[in-house]
Amino acid sequence: MKNRLKVLRAERDLTQADLANKLNVSRQTINAIEKGKFDPSLPLAFKMSKLFELPIEAIFENDEMK
Amino acid sequence: MKEGTWNTQIKKNTKKLAIWTMLWTGSMALATFGPKFIWDENVALTYLAVIINVLLGIGMILMNIKYINCLDDLQKKIQLDAMGIALGAGIVGGLSYTLLDTTNLITHDAEISFLVIFIGVTYMIAILIGQKRYK
């Protein structure tokens, strides 16, 4: 699954560690999501959505839906 | 959970799990060597040592569940994958090892301690592979 996490994070001038801290996850998890190696759970996706004040589909893009 | 408190909670739980594991390991050593070297085969004391060992073991399991529940999505996945590999390798390896013993293909008796070490090493290797995969 593709995502815009890296761009959104950069726009808000946040490091991976800052974002991890805000979402209560490890920096490794943020890195793995940004690289597309790991898809977050729905609760974590909702947390991101709330943090960035964007709908989930504005952060994540499902390749299979294309 | 409040923002930023997760790291502290993880560290706290890791420390607690390490303490429970050390206590359980220590009680195992006491129950194993105590009867011969400390209390001269006293049955009541041996029972007591085994009961303490079981209770500490239950405490360690409960703490491990608490520890895993506190991990984030990715860490849980790494743990789950590693546990799956260790369990599978333990069953396959353990049964094959027993088979080698019952069919007399090995000269010594199959020891449970070998299996425990095998599962432990497999689990650690699987954790390292998982950590590297998602680095």
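This is a predicted model: local features need pLDDT of at least 70, side-chain atom pairs count only at pLDDT 80 or more; totals for chains, interfaces and linings use all residues.
## Chain A

Chain A contains five helices and two strands, and when the chain is read along its sequence these elements follow the pattern β-α-α-α-α-α-β. The radius of gyration of chain A is 11 Å, close to the 11 Å that the globule rule gives for 66 residues, so chain A is as compact as a globular protein of that length.

Taken along the principal axes, the box filled by the C-alpha atoms of chain A has dimensions of roughly 30 × 25 × 20 Å. Of the 66 residues in chain A, 18% count as buried. Where contacts in chain A link residues at least 6 apart in sequence, 52% of them join residues that are at least 24 apart.

## Chain B

Chain B is built from four helices and zero strands, and from the N terminus on its elements run α-α-α-α. Its radius of gyration is 19 Å, well over the 14 Å that the globule rule gives for 135 residues, so chain B is more spread out than a compact globule.

The C-alpha trace of chain B spans about 55 × 40 × 15 Å along its principal axes, and 7% of the 135 residues of chain B count as buried. Among the contacts in chain B that link residues at least 6 apart in sequence, 69% join residues at least 24 apart.

## Packing of helices H1 and H2 in chain B

Helix H1 of chain B, residues 6–37, packs against helix H2 of chain B, residues 43–70, at an angle of about 160°, and the two axes lie 8 Å apart. Because angles over 145 degrees count as roughly antiparallel, H1(B) and H2(B) are therefore roughly antiparallel to each other.

The crossing in which H1(B) passes H2(B) is left-handed. Sorted by class, the contact of H1(B) with H2(B) has 17 nonpolar, 11 polar and two charged residues.

## Two residues of helix H2 in chain B

B:Ile68 lies in helix H2 of chain B, and this residue is partly exposed, with 15 other C-beta atoms within 10 Å. Leaving aside residues up to four places away in sequence, B:Ile68 touches B:Lys76 and B:Gln79. From B:Ile68 to B:Phe33 the separation is 35 residues in sequence and 32 Å in space, taken C-alpha to C-alpha.

B:Val43 also has its place in helix H2 of chain B. With 9 other C-beta atoms within 10 Å, B:Val43 is exposed, since 12 or fewer such atoms is the condition for that class. B:Val43 and B:Thr98 are 55 residues apart along the chain, and their C-alpha atoms are separated by 31 Å.

## Contact between the chains

The contact between the two chains takes 13 residues from chain A and nine residues from chain B. On the side of chain B that touches chain A, the largest share, three residues, comes from helix H3 of chain B, which covers residues 73–102. By class, that side of chain B has four nonpolar, two polar and three charged residues.

Methods:
Residues are numbered from 1 along each chain as its sequence is written. Chains are lettered from A and ligands numbered from 1 in the order in which they are written. Two residues are in contact if their C-beta atoms, placed from the backbone, lie within 7 Å. Ala, Val, Leu, Ile, Met, Phe, Trp, Tyr, Cys and Pro count as nonpolar, Asp, Glu, Lys and Arg as charged, and the others, Gly among them, as polar. Axes are lines fitted to C-alpha atoms, for helices over the stretch in contact, and angles run from 0 to 180 degrees between N-to-C directions. Angles under 35 degrees count as roughly parallel, over 145 as roughly antiparallel, 65 to 115 as roughly perpendicular and the rest as oblique. A crossing is left-handed if the near helix is turned anticlockwise from the far one by less than a right angle, and right-handed if clockwise. The radius of gyration is taken over C-alpha atoms; the globule rule is 2.2 Å times the number of residues to the power 0.38. A residue is buried if 20 or more other C-beta atoms lie within 10 Å of its own, exposed if 12 or fewer, and partly exposed in between; C-beta atoms are placed from the backbone.
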